Number of protein chains: 2
Amino acid sequence: MYMQGETHMALMQSADTRYRKPVLVAVNKPFDDEDGLQALRSHPLFRNLRPRDLESLIQQSRRLRLGHHQLLYRQDMPAHHFFFVISGRLRLYRLDSSGIDRTLDSIAPGDCFAEVMIYADPPRYACYAEALKSSEVLMIPVKAYRELLDQHPEYAQAALSHYAKRAVTRFHDLEIMTVQNARDRLIRYLIDLLPNGTEQGGEVELPLPKCLVASRLAMQPETFSRILADLKSNGLVRVNRSKLFISDPRRLIEISQ
Amino acid sequence: MYMQGETHMALMQSADTRYRKPVLVAVNKPFDDEDGLQALRSHPLFRNLRPRDLESLIQQSRRLRLGHHQLLYRQDMPAHHFFFVISGRLRLYRLDSSGIDRTLDSIAPGDCFAEVMIYADPPRYACYAEALKSSEVLMIPVKAYRELLDQHPEYAQAALSHYAKRAVTRFHDLEIMTVQNARDRLIRYLIDLLPNGTEQGGEVELPLPKCLVASRLAMQPETFSRILADLKSNGLVRVNRSKLFISDPRRLIEISQ
DNA sequence: CTGAGTAATTGACTTAACTCAAAGATTAGT
DNA sequence: ACTAATCTTTGAGTTAAGTCAATTACTCAG
């Protein structure tokens with residue numbers, strides 16, 4: 001885990017889209033009950049734990065406060081912890097050999113990430129994770145959760161079905177990316193953000209700044225902007241900052257052929 | 001499961017790339033020891049099972065023979081089984097609203113697929129599965145494996161780490177698809193097929209016909225063909241049908257910037 | 001509230017990738 | 001071995017999306 005005093009951060013450059021400049025000032029304090037704990041209790045990975053097991057897990061975890069653009073971990077680092085988001089928002093991304101920054105996922109409060117590390121071998125993070133704004137995460141030792149599962153094998157069921165769900169989601173994400181043109185990819189992405197699916201319209205908030213949504217969808221920010229402007233001028237979406245209102249999802253699907 | 005006599009197959013049309021025309025002639029016979037069983041025993045999901053548990057699981061499974069282009073299951077069908085490939089090769093694909101066929105994965109002998117269904121809720125296949133050539137699969141009742149896990153919770157460890165590995169793979173697949181140009185996507189895909197990674201060259205066999213690799217990589221078959229021809233003329237790969245020889249993977253990575 | 005720095009938009013131009021079409025190569029099945 | 005079907009390749013023309021550049025709009029910290 002990178003804490004205060006790390007310096008090689010400066011080496012990192014986002015070739016992606018004129019974005020970001022991580023500065024590290026991690027602060028951790030004991031995790032005291034209150035707010036964030038509530039969401040934790042209802043997460044699939046934890047809600048079936050007996051109260052004393054959950055307590056024990058929390059005892060062994062640390063609450064971590066992350067600043068805007070702060071890096072939490074790096075791709076290929078040994079992974080001893082996984083995380084639960086208490087507040088704020090994070091993104092997962094990878095850097096390839098030429099330093100291009102590829103956003104792969106965004107994480108909202110109430111979500112877990114890197115939880116796949118509980119059973120990964122070797123346990124190394126598959127991507128970078130950074131805070132998109134100031135955030136708080138619970139940093140849970142992989143070992144602690146694993147021991148819990150060893151002692152209480154009945155907990156495995158929850159973990160398995162959580163993992164299964166995650167696999168389906170990734171599979172679906174992959175499907176979007178096989179769509180060959182940028183406009184249709186964006187439309188599919190928006191539809192997937194709608195809470196009620198295709199059935200009815202609604203407001204959607206982009207989980208990432210527009211330039212990172214563009215990166216996520218393998219297009220340039222300019223292209224993203226132009227497509228959105230076009231959809232807007234055709235009355236298909238109404239845009240208000242990062243909030244989009246989609247009145248008729250079916251029509252949107254139709255025009256994507 | 002679709003067996004003999006199904007007719008609505010004809011409705012299916014591959015808009016993707018002039019491909020396919022499924023004809024259904026499923027034949028099942030009891031699974032008698034021999035060949036394929038060997039590979040099954042060494043698969044992560046089964047190798048830790050006690051012999052009698054494995055036997056019981058096999059007793060409850062059926063060996064299924066699939067013909068060329070035969071459909072095994074359809075997207076959204078209730079999923080009561082998952083599969084192990086004994087011989088042949090299959091592909092997983094989805095059809096979107098406009099009937100476009102998107103190849104998402106190919107499956108080789110010794111692999112499992114739809115195993116995520118063991119813990120999915122609701123249990124519905126997330127894609128279509130069809131044989132790319134005549135193949136044999138073991139059709140394992142989800143319920144049987146689940147019962148085994150309920151009785152022997154210590155088996156869960158293997159399943160969890162298998163699921164974790166799968167999640168990482170899909171994540172990596174997603175990364176490739178965020179690469180913005182077709183040439184670089186293809187190069188990344190080829191590198192990933194190399195058994196020894198970047199370290200040394202080697203021969204690679206495309207797991208799918210070229211037009212489906214193209215679909216998998218979100219490009220047209222013509223584009224695929226042209227890029228490959230270009231790599232060939234630059235001495236970066238040697239092509240022999242579906243076998244590619246890559247002598248210097250590093251150089252390949254370099255030209256992808 | 002204000003200003004610096006980042007993000008978003010728009011325009012003009014260029015290029016990569018798609019489309020259509022037709023010829024050649026492979027493969028599956030008889 | 002032969003035939004029919006399907007894949008693959010190549011060419012020519014078109015279009016979608018990328019690039020570069022400049023302006024405008026946000027955001028956040030002080």
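Modeller: A polar contact is a pair of N or O atoms within 3.5 Å; within protein, one of the two must be able to donate a hydrogen and the other to accept it, and residues adjacent in sequence count only if both atoms are side-chain atoms. Please keep in mind, too, that this is a predicted model.

Biologist: Thanks! How many residue pairs are in polar contact across the interface of chain A and chain B?

Modeller: Here both residues of a pair must be at pLDDT 80 or more. With that rule applied across the interface of chain A and chain B, the number of residue pairs is eight.

Biologist: Which element gives the largest share of the side of chain A that touches chain B?

Modeller: Let's start with the elements that give two or more residues to that side: strand S5 (90-95), strand S6 (101-107), helix H3 (142-151), helix H4 (156-177) and helix H6 (210-216) of chain A. The largest share is 16 residues, and it comes from H4(A).

Biologist: How much area do chain A and chain B bury between them?

Modeller: The size of an interface is often given as the accessible area lost when the parts come together. In this model the contact takes 43 residues from chain A and 43 residues from chain B. Of the area that the two chains bury, 68% is on carbon and sulfur atoms, and the total is about 4,000 Å².

Biologist: And which residues in chain A lose the most area to chain B?

Modeller: Chain A and chain B bury about 4,000 Å² between them. On the chain A side, three residues together account for 18% of what that side buries, and they are A:Leu160, A:Phe171 and A:Leu174.

Biologist: How many salt bridges are there between chain A and chain B?

Modeller: Side chains of opposite charge can pair when their charged atoms come close. B:Glu175 forms such a salt bridge with A:Arg94, with the closest N and O atoms 2.5 Å apart. B:Arg94 forms one with A:Glu175, again with 2.5 Å between the closest N and O atoms. Over all chains the structure holds 27 salt bridges, while the count between chain A and chain B is two.

Biologist: In the pair that crosses between chains from B:Arg94, which element holds A:Glu175?

Modeller: B:Arg94 forms a salt bridge with A:Glu175. The B:Arg94 end is in strand S5 (residues 90-95) of chain B, and the A:Glu175 end is in helix H4 of chain A.

Biologist: How are H4(A) and H5(A) oriented to each other?

Modeller: Two packed helices are described by the angle between their axes and the distance between the axes. H4(A) and helix H5 (residues 182-193) of chain A pack at about 150 degrees, with their axes 9 Å apart. Angles over 145 degrees count as roughly antiparallel. H4(A) and H5(A) are therefore roughly antiparallel.

Biologist: Which residues of H5(B) meet H4(B)?

Modeller: The axes of helix H4 (residues 156-177) and helix H5 (residues 182-193) of chain B come within 9 Å and cross at roughly 150 degrees. By class, their contact has three nonpolar, one polar and four charged residues. H4(B) brings B:His172, B:Glu175, B:Ile176 and B:Met177, and H5(B) brings B:Arg185, B:Arg188, B:Tyr189 and B:Asp192.

Biologist: How does H5(A) lie relative to H7(A)?

Modeller: H5(A) and helix H7 (residues 221-233) of chain A have axes 10 Å apart and an angle of about 70 degrees. An angle from 65 to 115 degrees counts as roughly perpendicular. That makes the arrangement of H5(A) to H7(A) roughly perpendicular.

Methods: Residues numbered from 1 in each chain as written. Chains lettered and ligands numbered in written order. Heavy atoms only, no water. Axes fitted to C-alpha atoms, helices over the stretch in contact; angles between N-to-C directions. Helix = DSSP H or I, 4+ residues; strand = E, 2+ residues; numbered from the N terminus. Contact = heavy atoms within 4.5 Å. Nonpolar A, V, L, I, M, F, W, Y, C, P; charged D, E, K, R; others polar. Buried area = accessible area lost by both parts, 1.4 Å probe. Salt bridge = Lys/Arg side-chain N within 4 Å of Asp/Glu carboxyl O. Parallel < 35°, antiparallel > 145°, perpendicular 65-115°, else oblique.
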